[in-house]
Amino acid sequence: MFDIIISEFMDEAAIDSLRRDYRVHYAPHLADAPDELRDLARTSRALIVRNRTQVNRTLLSACERLRVVGRLGVGLDNIDLAGCRERDVRVMPATGANDVAVAEYVIAGLLMLLRGAYLTSAAVASGEWPRQQLIGRELGGTRLGLVGFGGIAREVAARARALGVTVTAYDPYLAADADAWGSLAERCDTLTTLLESSDAVSLHVPLTQSTRHLIGAEQIERMRRGAVLINTSRGGIVQERALADALHSGHLGGAMLDVFEAEPLPAGSALEGVPNLILTPHIAGVTRESNVRVSEVTAANVRKVLEGVRR
Ligand code: NAD
């Protein structure tokens with residue numbers, strides 16, 4: 001019998017803080033063991049997850065005492081939000097706690113993709129000297145297009161501007177008179193205009209019905225020849241086959257993906273053997289520092305709900 005089940009990795013200090021007041025079961029393998037998780041969670045009042053644990057109807061209907069789902073991060077696409085609402089289960093994301101980690105990842109990606117010179121260690125160590133093939137581009141002076149202009153995109157914009165980049169963003173849900181426009185980015189009315197006018201595009205939208213495959217063959221075709229694309233938001237927003245084709249043909253100059261339709265990637269995926277493509281395993285938001293922040297915020301969020309219920 002546990003009060004809190006933690007099914008993915010979390011900073012130990014934050015777990016210990018919860019253990020002082022609650023019976024906590026910490027088992028990061030549970031994200032991949034749904035039957036075991038369901039059995040353990042039957043009597044628990046809180047569930048703490050990242051993005052791998054599927055908090056679906058099957059799990060929710062087994063958890064009769066559940067009051068809160070603490071999300072170690074921000075994307076909520078692995079959580080049945082309607083199901084939680086129906087059962088009066090609060091969903092608490094760690095808003096803002098990993099923005100800096102993702103923003104730094106994006107800036108590093110822009111520099112790497114445009115310069116194109118950083119992944120040659122094996123060739124240089126073996127005596128090759130490919131200087132002329134490695135004459136890349138500078139980031140300063142380019143135009144960066146951000147799709148979605150929420151917390152993370154604004155951190156990217158601030159850093160990019162400091163490097164001499166002109167930043168434009170497309171976010172039809174953000175009021176035209178919001179403070180963020182102007183000081184951080186120019187507002188762009190349509191996705192097409194943003195894609196056509198940017199040297200680099202970075203995606204920062206949630207995965208919803210309206211953003212699934214937002215960037216497909218047609219949208220990639222609109223991008224400038226040689227432009228680069230970064231996706232740290234969610235797999236499913238970019239059509240992977242269309243991106244692979246654009247990199248093979250040379251229409252796009254490069255891409256960096258941290259998130260995928262299926263994670264881990266299945267054998268024989270469209271992304272195998274694609275040139276000028278950097279892949280990372282959904283790690284953009286996870287640094288030592290952000291792990292501590294995200295875990296502290298989540299522990300506090302869960303505690304707040306459980307204490308409220310007790311009163
Ligand atoms: P946020 O909620 O602060 O911002 C998202 C913005 O997207 C909002 O301003 C919203 O208006 C806008 N938006 C929604 N639909 C849109 C559409 N169709 N077109 C244009 N804009 C649209 O979110 P955030 O904290 O900045 O996170 C952004 C994304 O990054 C999320 O998908 C999140 O899951 C992902 N993320 C990934 C990692 C990682 O490790 N790779 C870490 C943190 C967050």
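Reader: How many bridges join strand β11 to β12?

Author: Strands are DSSP runs of E with at least two residues, and helices are runs of H or I with at least four, numbered from the N terminus. Two strands pair if DSSP finds at least two bridges between them. Here three bridges join β11 (residues 254-257) to β12, and the two run parallel. Ala255 is opposite Leu277 in β12. This is a predicted model, where local features need pLDDT of at least 70 and side-chain atom pairs count only at pLDDT 80 or more, while totals for chains, interfaces and linings use all residues. Residues are numbered from 1 along each chain as its sequence is written, and side-chain values use heavy atoms, leaving out hydrogens and water.

Reader: What is the order of the strands in the open sheet?

Author: The seven strands run β8-β7-β6-β9-β10-β11-β12, with parallel pairing. At the edges are β8 (186-187) and β12 (277-279), each of which pairs on one side only.

Reader: Which way do the side chains of strand β9 point?

Author: In a regular strand the side chains alternate between the two faces of the sheet. In β9 (residues 200-203), Ala200 and Ser202 point one way, Val201 and Leu203 the other, and all are buried; buried means under 20% relative accessible area, with a 1.4 Å probe and protein chains only.

Reader: Which strands does β9 pair with?

Author: Four bridges join β9 to β6 (residues 143-147), in parallel, with Gly145 opposite Val201. Four bridges also join β9 to β10 (residues 228-231), again in parallel, and Leu203 stands opposite Asn231 there.

Reader: Which residues are closest to the ligand?

Author: A residue is near a molecule if one of its heavy atoms lies within 4 Å of it. Of the 25 residues that surround the ligand, the closest are Asp171, Val205, Thr232, Asp258 and Gly285. A ligand oxygen atom is 2.8 Å from a polar backbone atom of Val205, and a ligand nitrogen atom is 2.9 Å from an N or O atom in the side chain of Asp258.

Note on methods
Buried < 20%, exposed > 50% of the residue type's maximum accessible area, 1.4 Å probe, protein only. Polar contact = N/O pair within 3.5 Å; in protein donor to acceptor, adjacent residues only side chain to side chain.
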